[in-house]
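Welcome! Please take a moment with the sequence and the 3D view below before reading on.

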Amino acid sequence: MKNKWSNWTKWGEKYRGFFWTIALILFVLYQRLPSFKSNIYTPNIILSEKFERQNIGLNVRYSLRFNEQLLRQKQTQQFINQHFATKSSSEILVLGKSYHQSEAWIYFEIINPVASTQKLVVDASHLRCDALQIYTIDEGIPTLRGSIERATPLSERVYPFYEFALPISSPPNDTVRVMLRSSRFTGLHELDLQLSTEKEFKEYALTKNLKNTFTVYWFFAFAVFMLVVGGIFRQKKLIYLGGFLFGLCIIYLNSGYFVDTFPFASQSALGPSNAGSFSIFLTNALFHPFAYQMMIHIPINLRRYRFWAWFLVGCNISMMFLIVAIHASWANIVYTNALQILIIANMAWALYHAYLAYIRANISYYLLVEAFVFVPPLIELLLRYFRFFNSPSPFSEIFFNASAVILLVAYLALEELKNELILKQNLLERLDQLRQNTEAQRKSEIEAIGRNLHDQVGNTLASALGYLNMKKVNVATAKTQIMNALTELRFISHNLVKDDDRPLSEKVESLISRFNDFSSTNFYFQDYSEKKMDKIPQLTQQNIYNMIEELMTNIIKHAQATEAHIQFFANDSQWQVSIEDDGVGFDTNQTYQGIGLQNIYKRAELSSLRVLIDSTNDGTSVIIETNHAHDSTHY
């Protein structure tokens, strides 16, 4: 029972991030998709003394066939009664795409049962509407009461706010019949209508404009912060994140209507009505360099990832080009339809690879953040794209809450920075340890050379001197001892030749050539790896070279071998170095404490190498193996 509970606990810990992601998605969807609620059309707007502000999308009728010529006829009210449709599925009027429905007419009635005149304001957002006109119908004849466009300066507006706000007066105990004309020049055509008292509208508009201003500055400041921190720590990931946040900043500039009065170049097709689409395409393109840096260490097919990432970037840049450079109506049709598809593709792309990061590298925070940000608008977009419902368009809220997005992105960025700094610190500590080990190895080799000079060369020369000082001088023996001392000195000097940065195979060939000059053992070298050993990290090459040199020294000193073979092998999973001689062999257990073998095992440990020694009376075989998995740690 205890083991079963332990297994359940391990399973829960393994998939904890996944369950938290699902729970978070469900919670956000519950908050995010009010369009599943039952919306009922109410024909009139009835004011009361406590009336302040109301969305009137469910209180209006609209027509896509009405036109300005019918406006001049006395049968306007009759046409409205017969041909204006009710809107009952959403509080937002989804009027279609501009190239089909560039103009729409909306009709509603305001009933004022109060014994005082009500000063009202009809307002709508700029996001998917480019111009708005308001009429009142008296005795069947429409009268223009006001007009406003996107590019209308704040100084020329009735209310100095970035809203389509038009005043209307409702007399006491009377009904006002109102008609609106909405125009859209490019992109989707939607209308979010609100009716409020003048006082309430001013408070609402001021709050909204301040909030939008704060959001833009907040995104801009955070983007600069990411760029600065990325530059200081030389982190491409943070630099690309800063670029992505600049794209988001432009989106919020557009959704806050700050670009409406921007002086766009007349030679360009880019203007206030399509700046929102341009900013979304730009942000989509800027997302991919950052996403690639997030995925570069995940075990995925990076070549395929780069191909499709560049494909998506190219699609978005192409749509940006259409918006900027081409005035033709077909360009509007292309990028308007491409907008939804590319947003869905980019969000799905990000979520899929965040899921891969969780599955293959157990990185859960990336999936949590992207699920929190992308899943609700992605589901909403898919439902709208396949016409399951006509909810409010999420394009203005691709990232549904600016503060939440920044906090989540901040967490993601700082988590990545923390991991990078920890990794860097670990690498520095490892390099320091390697330096210490290398220095210890160098001192050990110097001590070994000193002992060789003292114990071997010195003793040999002392012995030769003794033979020369004998009463009966033994010249032949003394000469032999002196020649042995010279050979030993020559051998030591060859080992002290300074290493260079040549490839391993060239250095081994040179080493064998030097040893064959003075050694009675014939050394042979064959490289069956086809120079693959020359591509392993430089530190590993140097350690393998020193190990081969140490083994060749031992062969000359102790093996009494006539020949020895050094061979390189390589396959898909590992490399091998084989050193074989036909000498007398040795007992590896008894001689393990020797300084030569100690040096070999120390160098193997430094480069994560494996050494296998097999020695018999017929010779010795030494195998040095290194796995591909170890190589990346030594660059």
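Predicted model: local features only at pLDDT ≥ 70, side-chain atom pairs only at ≥ 80, totals over all residues.

Residues are numbered from 1 along each chain as its sequence is written, and side-chain values use heavy atoms, leaving out hydrogens and water.

**Helix α4**
- In helix α4 (residues 76-83), the buried residues are T76, Q77, F79 and I80; buried means under 20% relative accessible area with a 1.4 Å probe, protein chains only.
- Helices (H or I, at least four residues) and strands (E, at least two) are DSSP runs, numbered from the N terminus.
- The cover over these buried residues of α4 includes β3 (61-63), β8 (131-138) and β11 (174-183), where contact means heavy atoms within 4.5 Å.

**Strand β8 and its partners**
- Seven of the eight residues of β8 are buried.
- β8 runs antiparallel to β9, joined by eight bridges; two strands pair if DSSP finds at least two bridges between them.
- Y135 sits opposite L144 in β9.
- Two residues lie between β8 and β9 in their hairpin, and E139 in the turn has a positive phi of about 55 degrees.
- With β11, β8 pairs over six bridges, also antiparallel, and L132 faces S182 in β11.

- β2 and β13 (residues 193-197) are joined by three bridges, and R53 has S196 as its bridge partner in β13.

Conventions
Buried < 20%, exposed > 50% of the residue type's maximum accessible area, 1.4 Å probe, protein only.
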